[in-house]
Structure formats: structure tokens, C-alpha cells
Amino acid sequence: MKETENRFVPPAGAAPIIQLQGVAKYFPGVVANEDVDLEVMPGEIHALLGENGAGKSTLMNILTGIYQADAGEIIIDGYQRTFATPLQAIGAGIGMVHQHFKLVQAFTVAENIHLGWSDTPRRASAAVLEGRTAELAEKFNLQVRPGAVVSDLSTGEQQRVEILRVLARQARLLILDEPTAVLTPAEARELFLALREFVSGGNAVIFISHKLDEVMEISDRISILRGGRKIATKQTAECDPHMLANLMVGREIVLADMRTRAPGAAPVSREPVLVLDKVSVVDGGGGRLLDEVSLELRAGEILGIAGVAGNGQRELSQVLTGVRRASSGQVVVGGETLNGANAADFAALGIGHIPEDRLNSGLAPAMSITVNAVMREYARPPVSSGGGYNPRAAQLLAVDIARAADVAIPDFGMPVRNLSGGNQQRLVARREMRIADKVLVAAYPSRGLDVGAINTMLRYIVELRDAGAGVVLISEELEELLNLSDRIAVFYEGRIMGIVQNDNPDIEEIGLLMGGRKKKKAAA
Amino acid sequence: MQLGSLRLQRLPSAHPGIAFAARAAAILIALLVAGVGVAISGMNPFELGGRVISASFGSSFGIEDLCVLVIPLILTGLAVAVGQQIGIWNIGAEGQFYAGAFAASAVGLFVPGPQWMVLILMFGAGFVGGMVWILVPTLARAYANVNELITTLLLNFVATLLVYYVSTGPWRDRSGMANSATPPLSAEVPSFWGIVHWGFPIAIGLAILVAAALAYSRWGYEVRLVGSNPSAARYVGIPVRKHLITVMLLSGGIAGLAGMLEIAGTVHRLQGGISNSFGYLGIMVAVLARGSPIGVIFSGALMAFILNSGIILQTQGLTTSVVLAITGFILFLTAIGDELSYYRVTRERA
């Protein structure tokens with residue numbers, strides 16, 4: 001079906017639908033975008049490729065009027081335009097379908113299509129709205145059920161409603177953010193057909209993704225972002241996944257090796273301290289969030305988990321710490337199979353957990369620092385004896401933990417949310433390290449921290465490894481993983497794509513695995 | 001002298017002294033406004049105020065009245081406050097109050113035996129009656145995440161009408177003139193000072209007991225953590241659902257006990273409208289106490305004083321609606337005062 005095995009050639013004499021020149025956006029302390037040029041021609045599907053934090057979302061938010069650029073120009077049909085609001089961008093024919101849909105769940109499809117739209121008739125019955133929706137659906141060849149309530153629809157159907165909503169407003173440029181992440185393969189094929197049809201009428205699509213295969217399949221041209229800058233724009237026909245992975249991950253990774261052990265550090269054990277055996281996690285709708293994951297963690301080693309966020313890392317950390325039960329498969333800790341155990345049992349066995357979302361799941365923000373600091377040890381002496389809880393002993397323990405974390409606290413009774421993010425994270429880390437005799441699961445421990453705080457966190461992790469615990473380090477910073485891990489397991493759609501020894505790592509291979517591709521030589 | 005510009009700054013936590021002052025100011029302003037209202041309608045507010053004070057505190061009868069009135073207010077307030085500890089709004093204390101009164105009356109009317117035994121059974125029946133009344137909302141919340149605000153509220157009407165029905169129908173006193181109430185119960189909670197019965201120390205003791213359990217037991221720590229952030233509790237491995245169920249049942253039981261003490265200690269028979277909206281007033285008591293079980297003793301006393309003042313003012317020709325308006329005004333201003341105590345005015349030199 002694909003007509004674009006060869007070079008994409010825009011219609012003769014056609015002007016770009018949209019053109020960005022030198023666009024930059026700065027946030028305090030962060031360059032989100034700088035010097036980005038981008039040209040989208042009529043009739044093309046233009047893929048935007050990049051890691052988390054490469055600046056894709058910011059760039060699209062500028063294009064759709066959610067942010068305003070700090071420098072550079074947006075040119076549409078030869079005129080420079082600025083969008084103060086998303087409505088102005090929609091008026092100029094730019095529409096976006098976000099990864100997380102922005103539909104009103106309790107409304108019908110027809111109501112959602114007509115919501116906040118100037119073309120909506122002033123007095124409209126449900127029948128009129130549904131009639132109009134049916135016409136639109138036919139015009140754009142997108143099958144939707146106008147009378148159905150959105151919360152009853154599958155994710156694929158909801159996405160069609162979102163797309164129809166955008167197209168109904170006469171969009172000429174449709175931006176899709178990770179559109180296939182929520183779709184089944186069959187739904188994805190349908191989507192691709194609809195996109196092809198849309199661009200054949202002289203419109204264009206910007207397709208944001210990190211999946212190399214699907215980018216290769218659907219796009220005409222590919223632009224790669226890295227570190228907020230555009231690295232290259234290529235004809236898809238001239239690309240191959242290896243080259244894209246290279247461009248996406250880049251080569252200028254600063255290696256500050258923290259893998260060498262201090263003298264006297266515990267050696268890597270022969271027997272694994274924690275084993276996952278074909279562990280799967282299935283969600284309510286039958287989707288596989290973890291798909292037969294098997295791995296072994298040894299004492300005294302750091303196992304890095306790489307992958308684009310949302311590929312099963314959250315579920316992995318939950319299963320490893322007992323917060324969530326595996327739908328099938330086994331979790332074995334120190335030779336003991338833990339089926340039916342809960343998070344408290346895991347913690348009692350010596351498994352610490354620095355959670356991904358520390359403020360919302362690792363802490364009770366409104367409660368005192370003392371209550372938060374003793375969360376792991378409140379049930380044992382000296383804080384508890386029998387059924388009693390001793391606030392004074394709890395505070396003494398909290399003082400200990402705060403001292404180890406090097407956090408100065410004026411009042412242990414004040415809510416923990418009053419601490420800075422870095423101090424909260426240090427407190428959580430120290431609290432977890434105290435119980436992590438066997439294993440520490442650290443999910444994105446450096447997320448949201450400044451450089452100094454990141455260094456402290458990484459030092460803690462190395463310290464724990466040297467003390468003989470096994471560490472599972474989940475991160476989206478490849479640099480961090482390369483600096484600390486002994487091995488790196490790459491996750492993609494809930495599966496382990498491959499485990500790479502980190503002695504002479506092939507960064508290109510990791511990049512390929514993250515994009516869902518195996519390197520050819522690995523198969524041989 | 002140069003005036004700097006004023007700036008409002010929100011503090012992360014309110015200073016306790018300032019918070020207390022804000023509440024005192026709220027009550028004062030409410031009384032002031034009420035006084036002005038009374039003066040406009042041609043009465044002397046100071047004279048009325050003096051009469052309220054002397055009738056409330058001038059004699060032991062006044063103080064006894066207050067003490068009896070405070071019992072159901074502390075207990076229904078405690079019931080709501082306990083629920084708040086785990087993040088539950090028990091709007092159904094009114095219904096649980098009636099259910100407790102109903103169950104205790106059944107024992108008091110139909111179970112033969114020595115007084116002390118019947119009384120103990122009545123205590124049990126009152127508590128269990130309240131628990132039964134909150135059981136369905138509890139299970140719906142714990143297993144299907146059905147909002148307890150609606151389920152507990154709706155059951156209030158059922159319980160109120162049930163008590164009206166039995167006290168004017170099948171359980172009606174057929175012996176004498178009172179045909180809208182049951183006959184006197186066979187057992188009663190003894191009094192120790194005038195009309196003040198043992199429900200008074202029981203209510204205060206229970207509030208202290210609950211406060212101590214929350215602060216000094218592992219159960220209390222876990223309940224507070226679940227109430228503050230259920231996902232953190234789940235992350236540590238605390239059985240969230242189990243605690244939710246026990247705390248909601250406890251809340252219902254305490255409200256049921258309030259109903260039992262009201263009929264067994266104060267009224268001595270079951271009749272319709274026996275609650276005087278104590279269940280709903282309990283919500284105000286708990287809010288005024290900021291969900292603190294110890295605070296409930298004091299806000300319960302304040303509420304009893306306001307209600308009692310209302311009764312006294314009625315004898316002076318003011319209507320109940322005026323008293324209700326003053327009560328509402330105090331709550332309204334307290335809420336504003338609570339919020340304002342988080343702010344500080346700072347002056348910047350221009």
C-alpha cells in the first residue's frame with residue numbers, strides 16, 4: 001500500500017504549510033528548544049523523533065499556541081504568525097491530538113465534537129448534533145458513533161473522535177503525539193490508512209514517536225531532535241533504523257565511570273538475590289503492561305533499566321516491591337517465592353523502594369516530617385512495641401534519618417511538603433536505604449533534581465551497592481545508566497528487548513532496543 | 001515617613017496562636033453583628049446577652065442543661081471527626097443516631113431482666129445499631145468506591161421515618177395520653193448530678209480515648225497515613241481497605257451510641273424527632289474542631305452553648321431562625337478566619 005518507497009517530492013511549486021525558523025524556548029535553567037528550523041510540506045507525513053526531554057513536546061506546544069516562542073518565527077502561507085492562544089492556532093488550521101485525550105468522558109461523541117466550536121448551531125438538539133457529526137465522520141472517512149458516550153468507547157475510538165474534532169475545524173496540519181502508544185496493531189493500521197488519505201488532499205501530518213519501525217513505515221521525512229535542537233531532517237527512504245537510533249541517542253555522552261568499586265566493597269554475588277520469572281502484568285482491558293519479564297539481580301550489582309518512559313518501568317518497580325501483584329509469573333527473593341505478599345512483606349525482607357512519584361506515593365505531603373520519615377519502621381521497636389506507637393521514639397528516628405540525609409530541619413512537626421524537592425528525595429532515599437539490606441529499587445531517582453542533588457543521589461546508590469545490596473536503577477538518562485550500571489536491560493512495550501553488558505557498551509544498540517529494534521548481529 | 005507598599009504573603013502553615021486569635025475574632029464579630037441586628041429590631045442586646053449568660057451559667061440548672069446537651073454533640077462530632085481521620089465524610093450521623101436509639105429502645109422495651117443487664121445490652125445495641133446503619137455505605141465505599149457523602153446522607157431519611165413510624169405505630173404507648181412516643185424504657189443511664197447522667201463522662205472519655213488511640217497506637221498511625229495519602233499507605237503495605245471499613249464502622253457506632261444515650265439518659269422513651277438534628281450539628285462540631293477528637297469536646301461545648309442560648313432567646317421572643325442564622329454566621333466567619341490565618345501582611349519599602 002505504501003506509495004512512498006522512493007523520495008518524497010512535494011507538489012511542484014507548493015509552499016510549505018508551515019515553516020519554523022530559529023525557534024527557541026527557555027525555561028528557568030533549561031533550554032527547551034533552541035535554533036529549531038522545520039518545514040512541513042503539503043502532502044507529507046513528517047515524523048518528529050527524539051528521546052524524552054529532547055524538546056518535541058515544547059516545540060509542538062509552541063506550534064499550537066500553548067507556549068509562545070522566546071525567539072524565532074512561525075511562518076504560515078508566507079506570513080509570520082504568532083499564536084497567543086490555542087484557539088488562534090486552530091483558526092490557522094493547526095490541530096493537535098495529545099497522547100492523553102482531552103475529551104469530556106460523560107458527553108456523547110457528538111457533544112465532544114461540537115464543544116467550544118464557533119460553528120456549533122446556537123440551538124441544537126441532540127439529533128441535530130448527531131446528524132452533523134455523522135456527516136463529518138463520512139466526509140473524513142472516520143468511523144465514529146455520534147450518539148455513544150465517550151467513556152464507553154475503546155481508546156482507538158476515542159482517538160478517532162479526537163482526530164475528527166480537529167479535522168472538523170478545518171485543520172490542514174494535524175499533529176499526533178505518540179498516537180500508537182494506546183492502540184492495538186489493528187487500530188494502528190487503520191489510523192495509518194486514515195492519515196494517508198488525509199495528506200493525499202494536500203494536508204500534512206506531524207507524527208511524534210520514538211518507535212523506529214513505525215516511523216519508517218508511515219513517514220515521508222523525519223526530523224530528529226536532541227537536547228532541544230534539531231539534529232537533522234532526512235528523507236525516510238534514505239534512512240535506516242540504525243542511523244536514526246544513532247542520531248536520536250547521540251554520541252557525545254559524558255562518561256564519569258562510577259562502576260569501579262571502593263576497596264573493601266562487597267563483591268557481586270554468585271547467587272541472585274532477586275529473580276523475576278516470566279512475570280506479566282495485565283491491565284483491566286487486557287493490555288499487557290509487563291510481558292513475561294524474566295531477570296536476575298545479584299547482590300552488589302547495579303542493574304540499569306533503560307527505555308522510553310511508559311514502556312513498563314512503572315509496573316516493573318511496583319512488582320519488584322510488592323505494591324502490585326503480578327498477573328502471572330513469580331517473584332523470588334532470597335530463594336523465597338513471594339506470591340500473595342504485600343509491600344510490607346517485601347520491605348520486611350529488605351527491599352527498599354524509591355518510587356517514581358515521590359510526593360504522591362512515597363510521602364504523605366500534608367503530614368509531619370516525623371510521620372513520613374518513620375514510614376518504613378513505625379511497626380517495629382523502638383517506634384512501636386505491642387500495638388503502641390511512641391511519638392518520641394519516632395522523632396528520634398526521624399532526626400537520625402535527617403542527619404544521614406544531611407537535611408537541616410527546623411521543626412520535625414512541619415508538613416513534609418514544605419521541604420524542597422531535593423531534600424524530600426534525600427529523605428526518602430535514606431529512609432529506604434535503611435531497610436534495603438537486599439535490594440533497592442530506585443525509579444527515576446534524579447528526576448526533577450538539580451546537578452548537586454543528582455550527584456548526592458547517585459553517590460547514595462553506589463554506597464549501597466558497595467555495602468552489598470542489589471540495585472535496580474530505572475532511569476531515562478542513558479548517561480546515568482552508563483555511568484552506574486553493571487548491566488542494562490532495555491524495556492520496550494513491557495518486554496525486555498535485550499540486556500547489555502556495560503563493559504564496552506554499544507550505544508547504538510541500546511538506542512535501537514529502546515526503539516523496539518534488535519540489532520542484526522544480535523540475532524545471528 | 002514613607003509608606004511602603006503592603007504585600008500579602010501566604011505561609012505554609014498557620015501559627016497556632018494566630019489561628020486561635022482568628023477563631024476568637026470570628027466568634028466576636030458574629031456576636032457583634034447579631035447584637036446590631038437585635039438592636040435594630042428594638043431590643044437591648046446587652047440585656048438579652050446578660051440574660052443568656054445568667055440563665056446558662058447563673059444557676060446549677062443552667063449548667064446541668066448545658067451538660068446534657070453537650071453529650072450528643074460531642075459524640076456525633078466525634079463520629080464525623082473519626083471519619084475525617086481516614087478521609088471519609090460521614091454525613092449520616094443523624095441516621096446512625098436514630099438507628100442506635102431504635103435498637104436500644106427495642107432492647108429497653110422488649111428484653112426482660114435486671115436493670116443493669118438490660119442497660120449493658122442497650123449500650124451494645126446502640127453501638128451495633130449505628131454500625132449496621134453505616135454498613136452498606138461502608139461496603140459500597142470500600143469495594144465499589146461509591147461516594148459515602150450520598151449513601152450516608154440518604155439513609156438519614158430512612159432512619160428518621162422508621163423511628164417516627166414505630167413510635168407512633170406499633171411501639172406506641174397505649175396506656176396513657178402520649179400517643180406519639182413509646183412507653184418508658186425499662187432501664188436508664190443513672191444520673192450523678194441533677195439531671196446530668198453518666199453519658200457526660202462517657203462522651204468526654206470516649207473522645208480522649210479515640211484521640212489517644214490515634215496518636216499513640218500503630219493502628220492510629222496507619223489510619224492517619226491512609227487518611228492523608230492512600231497511595232503512600234499502599235506503597236508501605238498498609239491494608240487500606242481494612243482500615244477504611246473499621247473506621248467507618250467505628251464512626252457509625254459512636255453516632256449510634258449518641259442516640260442510645262439520648263433515649264436512655266435524657267428522654268427515657270423513643271419518639272420521632274428525638275435527634276434535634278444532632279447528627280447534622282455533629283458535622284459543624286467536627287469542622288470547628290478541625291477533625292481533632294480532643295477539639296470536639298470544646299467545639300461541642302460551644303455548640304451546646306449556642307443551642308442553649310437559642311432556647312433561652314426563644315423565651316424572650318426571638319425566633320429559632322435568628323439563632324440558626326447566628327450559628328451559621330459563626331461557622332462562616334470561622335472558615336474565613338482559618339484561611340486568613342495562613343496569610344501575613346508584609347511591608348515593602350517603596
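Which residues in H12(B) meet which residues in H13(B)? In this predicted model, B:Met303, B:Ile306, B:Gly310, B:Leu313 and B:Gln314 are the ones on the H12(B) side, and their partners in H13(B) are B:Thr320, B:Val323, B:Thr327 and B:Ile330. Sorted by class, this contact comes out as 5 nonpolar and 4 polar residues, with no charged ones.

Now for how those two helices are arranged. Two packed helices are described by the angle between their axes and the distance between the axes. Helix H12 of chain B covers residues 293–315 and helix H13 of chain B covers residues 320–340; their axes come within 9 Å and cross at roughly 155°. Angles over 145 degrees count as roughly antiparallel, so H12(B) is roughly antiparallel to H13(B). The crossing of H12(B) past H13(B) is right-handed.

Another helix pair in chain B is worth a look. Here helix H4 (residues 93–110) packs against helix H10 (residues 240–267), with the axes 6 Å apart and an angle of about 55° between them. That angle makes H4(B) oblique to H10(B). H4(B), too, passes its partner H10(B) in a right-handed crossing. On the H4(B) side, the residues that meet H10(B) are B:Ala93, B:Gln96, B:Phe97, B:Gly100, B:Ala101, B:Ala104 and B:Ser105. Facing them from H10(B) are B:Ser251, B:Gly252, B:Ala255, B:Gly256, B:Ala258, B:Gly259, B:Met260, B:Glu262 and B:Ile263. The contact of H4(B) with H10(B) splits into 8 nonpolar, 7 polar and 1 charged residue.

Then there is the matter of open space. The second largest pocket holds about 1800 Å³. It is lined by 49 residues, and those closest to its centre are B:Leu288, B:Ala289, B:Arg290, B:Gly291 and B:Ser292. By class, the lining of this pocket has 29 nonpolar, 14 polar and 6 charged residues.

Finally, a couple of backbone details. Most residues other than glycine have a negative phi, and most peptide bonds are trans. Over in chain A, the peptide bond from A:Pro381 to A:Pro382 is cis, its omega being near 5°. A:Pro382 is found in the loop that runs between helix H12 (369–373) and strand E17 (384–385) of chain A.

Conventions:
Residues numbered from 1 in each chain as written. Chains lettered and ligands numbered in written order. Predicted model: local features only at pLDDT ≥ 70, side-chain atom pairs only at ≥ 80, totals over all residues. Heavy atoms only, no water. Axes fitted to C-alpha atoms, helices over the stretch in contact; angles between N-to-C directions. Helix = DSSP H or I, 4+ residues; strand = E, 2+ residues; numbered from the N terminus. Parallel < 35°, antiparallel > 145°, perpendicular 65-115°, else oblique. Left-handed = near helix turned anticlockwise from the far one by under 90°. Contact = heavy atoms within 4.5 Å. Nonpolar A, V, L, I, M, F, W, Y, C, P; charged D, E, K, R; others polar. 1 Å grid on protein atoms, 1.4 Å probe; cavity = no way out; pocket = protein on both sides within 12 Å on 5 of 7 lines; lining within 4 Å. Points joined across faces, edges and corners; volume = space filled by probe spheres on them.
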